[in-house]
Amino acid sequence: MKKYWSFFRIRFIRGLQYRTAALSGMVTQFVWGSMEILLFRAFYQASPESFPMTFEALSTYVWLQQAFLALYMVWFWESELFNSITTGDVAYELCRPVRLYDMWFVRGLAVRLSKAVLRCMPILIFSWFLPAPYGLTLPGDVKIWAVTILSMTLGLLLIVAFNMIVYMSVFYTVSSQGIKLFVTSLAEFLSGSVIPLPFLPDHVRTIVELLPFASAQNVPFRIFAGDITGPDLTISILKQTFWLFAFVLIGRYLEKRALKRVVIQGG
Amino acid sequence: MIQVEHMNKTFKVTRRSAGFSNAVKALIHKETDTIHALSDISFSIGDGEMVGYIGPNGAGKSSTIKILSGILTPDHGSCLINGRIPWKDRREHVKDIGVVFGQRTQLWWDVPVIDSFELLRDIYEIPRNQYLTTLEELIDLLALEEIIKTPARQLSLGQRMRCEIAASLLHTPKILFLDEPTIGLDAVSKLAVRDFIRKLNRIHKTTVLLTTHDMQDIDALADRVLLIGKGRLLLDGTLSDLKSRCEPPCATLDEIVASLYREFQI
Amino acid sequence: MNSVRLYFIFFLMHLKSMMQHKVSFFITLIGQFLISFNVFLGVYFMMTRFHQVNGFSYSEVLLCFSITLMAFTLAETVFRSLDTFETIIGNGEFDRILLRPKNSLFLVLCSKVDLTRFGRLIQAVVMLVYGICYSSINWTPLRCILVVLMILGGVCVFGAIYLIFACLCFFTLEGLEFMNVFTDGAREYGKYPIGIYGKTVLFICTYLVPFALFQYYPFLYLTGKSDNLWYSLLPLFSALFLIPAFLLWKLGLRHYQSTGS
């Protein structure tokens, strides 16, 4: 466990070093969030009764999305990992006394967390000061906070587990670029990063919410915004747990099979 | 004719210190160090001369080459090449010079070398007949016949350097700047490159200014050596002058430079 | 005329290079399409739910979206070299360009033509055709010309922004990601007529960065929401944004030649 922790620390500290980039990224995310909310305001004015959630909930969703972008964006691929598989350098990694899956999983977590830590606080504080209904609305119930953190963790692990599946799939295909692009754009839409899932038509939404990607950012942000409550909340958390286990199992299975092949072929 | 008089160039470099508080400070106020890349450099090179320009890394060699090619402007001093000030009259000036950077390529990676050549013909607007004659000669002298239809990415380093040199000479420049042309090459390629440069100089009276770390390049090519260290011109003379300055007689350039450093106390 | 010919020769070279990596080229092409198709899906689902926004119908929004997307994509295809200018400076390619007896900005533009963006262009064309066919616009010759003017004006504005970005690279290479706000951000949020974002955004996009001059105001005239004929001339004014950008380039170039970094 200790070696994974030190591995995590190295990656985490390395991620913290790009300060100017973080500042620049923060400015971008402020603008992005504001534009997104202004856009939804226009739709709200067009027809308030068609709005599937309260405007406060929407604003909260958007700001959380911007603050924690680094945690849930599917497209944070590490090209180093792709390259190491296609060039065969992955063989070096196999020499270390750690499991490839675990090491890369920890690495993915560290990269995302280090990016998010620098950027989230200023955005959260800034958006908290914005006038209602455009700012971040904090829930009064402590339980909601706790459930949100649990759900955020599950969502983050889910996304990293999904990344792992894609990394592992590169062992089996020639063109990693194709899979990456296709899977990324599909997953982005289905996870609710283009528009929040409640804005989809009901029949589409029913299907999308059954799919694994709805268990990433969609659940924690809406719990925090008060858009998922009661029995739905329990079901959503259970779904998150289910998909997380499924993804990890698939990823580890793919890893085992892939490494066998690598060993047989001699790298 | 290259005439350089009292040329000076300084750079400002931001000082970086470790630690978070220093990084924050750097956002507000940047501390800078001034580096004297060239101080009071004067020399002149006649038409058809072959001159070796040597010195340790960071001595100011590439700054000089950049100023002479018109990419960089000096702070003070004058520089006149064939009657033109390089950086003032850049677009006319560069028609007269060819530059080879040993560690960079100007060839297109994925297309046959000849296509890169033809593009250069169009960029320099070389008349068709002149282009064909020059190309034929370069193919002959550099033995390019076999490789000219191959994409650059498939060439060995030596083959690529030969093509690289040819690319810099298509517009028949009067002056050729070579920046470490033999770096990383194997013995055969080095000899081929040296041999070609000698022939070029003999046939066309091309003026050659060559920077290198390879003493044998100097031995084979340069009649005259300019030694530069920490931005100052330390020596201007023949190779034997250079060697005789060193006590006891030393074999490598590094030792000579080191000894001259001691002599000039820098 | 000579420059046009030279650009064409460069273009053929890029095409040749790209055809050396056909698979990768087509995958990137499709990828570009998929990414912007997501944006379309977003617009589609929002418009099916709300039917109109600020008085603009679905087909009108698509028309506006396609004009912005087309202008952006054309600009990105042509000015891609400026968008990646930090690498051109970093790897010494710019020094090499200064050694050529041609205008340096022209040669920079020649150094890259990104044809993978055509995946997005196809989408823009489809949406444009749909928008033209299904919106209730009263098509006059002037309005047809106006669509072309809007696209060209947009190319100029985006081109100017890329140019400004490249100029900043002469001075610093750090923290320039914020420029994405003006390029990717404008593409992303230019999918709707800029007026719907409210007065402040419209003000900024009119007087600071002239997005609204090629997009929102002429679009009002195009859709018959305004009779002000002047609005149809604004795309021409938006092209003037290139002038300060070009002056900045001159300044940046001089700075580069005196520092060499």
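Predicted model: local features only at pLDDT ≥ 70, side-chain atom pairs only at ≥ 80, totals over all residues.
The predictor assigns the complex an ipTM of 0.91 and a pTM of 0.90. For chain C the average pLDDT is 92, and 99% of the residues score at least 70.

The largest nonpolar core comprises 261 residues, and those with the most contacts inside it are Phe117(B), Phe94(C), Tyr192(C) and Trp249(C). Helix α8 (residues 141–171) of chain C supplies the largest share of this core, 16 residues. A second, separate core of five residues includes Met18(C), Phe25(C), Leu29(C) and Leu115(C). Beyond four places in sequence, Tyr192(C) touches residues of chain A, Leu39(A) and Phe43(A), as well as residues of chain C, including Met46(C), Met47(C) and Tyr197(C).

Helix α1 of chain C (residues 2–19) reaches 26 Å from its first C-alpha to its last, close to the 26 Å expected for its 18 residues at 1.5 Å a residue. Its buried residues are Leu6(C), Ile9(C), Phe10(C), Met13(C), His14(C), Ser17(C) and Met18(C). These pack against α4 (113–124) of chain B and against α2 (22–50) and α6 (104–110) of chain C.

In chain B, strand β8 (residues 224–229) is largely enclosed by the rest of the structure, because six of its six residues are buried. Arg224(B), Leu226(B) and Ile228(B) point one way from the strand, and Val225(B), Leu227(B) and Gly229(B) the other way. β8(B) runs parallel to β3 (residues 50–54) of chain B, joined by four bridges; Val225(B) is the bridge partner of Gly52(B). With β9 (residues 232–237) of chain B, β8(B) pairs in the antiparallel sense over five bridges, and Leu226(B) has Asp236(B) as its bridge partner there. β8(B) and β9(B) form a hairpin with two residues between them, and Lys230(B) in the turn has a positive phi of about 45°.

Methods:
Residues numbered from 1 in each chain as written. Chains lettered and ligands numbered in written order. Heavy atoms only, no water. Core = buried A, V, L, I, M, F, W, Y, C linked by side-chain atoms within 4.5 Å. Buried < 20%, exposed > 50% of the residue type's maximum accessible area, 1.4 Å probe, protein only. Contact = heavy atoms within 4.5 Å. Expected span 1.5 Å × (residues − 1). pLDDT = per-residue confidence, 0-100. Pairing = 2+ DSSP bridges.
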